[in-house]
Amino acid sequence: MVKVSIGMPVYNVAEYLPQCLDSIIHQTFTDFEVIMVDDGSTDGKSFEICQEYTVRDKRFKLIHQENGGRSAARNTALKNMTGEYITWIDSDDWVEPDYLKILVDTQIKTGADLVNVAHKGYRDGNIYVADYEGEYSRFPNYVIPLRAAIHDTFWTSLNLTAIWGSLGTRELYKGVVFSENMDMEDQGTKFKLYFKANKIVALPDMLYVYRNRQGSIMNPVSEILEERVKKTDDMIRGLENLLYYADITDFDIDFCFREFLGRMEYEIQIAKLSEEDKSKFREYIEGYKQKLRKYWGN
């Protein structure tokens, strides 16, 4: 059994893939496997690049499947992982040389079920950083309480929502399935790990580099109403699951409900819509909030 399994969904990222894979090859920690899942790439290059790396380095393994989305690719990777620990690196991002070493060393030192590291943003040739030390040092020994982790699922204020940039024990992932057929699958899955974990640690070391691509799902230039509603529906599915898990685990459901309502209002503020469409979107949100109060409110 290898120490770390790295999961990587791959779909039409030939432009960025070599940088990502090279950053893994150059890791100072070497006891790992990479499970690359080509999710039906159509660019004619991504699958070929993955094949080249399986020849160059036997730690790289490649699986091809029909396009089913990132969550389906993650679920396929999970089924084929053999490592003691599990981490994720998205195929258009890259990691610093000590990414794996610091994650593993921290897990061994703290006994945490889940270790998160901070990330840098990359866009248009520039690197963007944040004051993670200021955020995480509020918690003694960087141990994140469950309430703070769940709060972050709604607001990403601590940047702990993404599944990438974290290391979990194999046992923690046992029984976990990524929600398929939806965008923002991180938000619909990471909280499951939080509810299962006995100890969560977040380090301020910015070891993961997130490529912020203009026009991507997470960073659209502008939106049309139908796309914004679809994106919000996907987010709602994930957060509704969170309410369910909070209920069955006797977590503070009222806290989650209030956070949910606040997040819905925030969605209106950040929507990049025309004034006419934003008015329609507000009607949609208000209608959903009434439904939410009916089932979860006091």
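This is a predicted model: local features need pLDDT of at least 70, side-chain atom pairs count only at pLDDT 80 or more; totals for chains, interfaces and linings use all residues.
Glu 265 forms a salt bridge with Arg 282, and the closest N and O atoms of the two are 3.4 Å apart. Since Glu 265 lies in helix H10, residues 253–270, and Arg 282 in helix H11, residues 275–296, the pair ties together parts that are 17 residues apart in sequence. Arg 282, for its part, also counts as partly exposed, at 37% relative accessibility. There is a network to mention here as well, in which Glu 223, Arg 228, Arg 263 and Glu 267 are joined by salt bridges that share partners.

Lys 120 counts as buried, at 16% relative accessibility, whereas Glu 96 is partly exposed, at 23%. The other salt bridge is formed by Asp 124 with Arg 123, with 3.8 Å between the closest N and O atoms. Asp 124 is exposed, with a relative accessible area of 67%, and Arg 123 is partly exposed, with 25%.

Now let us turn to helix H2, residues 46–56. Which of its residues are buried? Ser 46, Ile 49, Cys 50 and Tyr 53 are, and because they cover an arc of only 100 degrees around the axis, they lie on the same side of H2. As a general point, an α-helix has 3.6 residues a turn, so residues three or four places apart point the same way. The elements that cover the buried residues of H2 include strand S1, helix H1 (17–25), strand S2 (32–39) and strand S3 (60–65).

That brings me to Val 4, which is found in strand S1, residues 4–10. Is Val 4 buried or exposed? Val 4 counts as buried, because its relative accessibility is 0%. Beyond its neighbours within four places in sequence, Val 4 is in contact with a list of residues, among them Phe 29, Phe 32, Tyr 85, Leu 100 and Leu 167. Finally, Val 4 and Ile 86 are 82 residues apart in sequence, and yet their C-alpha atoms are 5.7 Å apart in space.

Key
Residues are numbered from 1 along each chain as its sequence is written. Side-chain values use heavy atoms; hydrogens and water are left out. Helices (H or I, at least four residues) and strands (E, at least two) are DSSP runs, numbered from the N terminus. Buried means under 20% relative accessible area, exposed over 50%, partly exposed in between (1.4 Å probe, protein chains only). Contact means heavy atoms within 4.5 Å. The arc is that of the directions from the helix axis to the C-beta atoms. A salt bridge is a side-chain nitrogen of Lys or Arg within 4 Å of a carboxyl oxygen of Asp or Glu.
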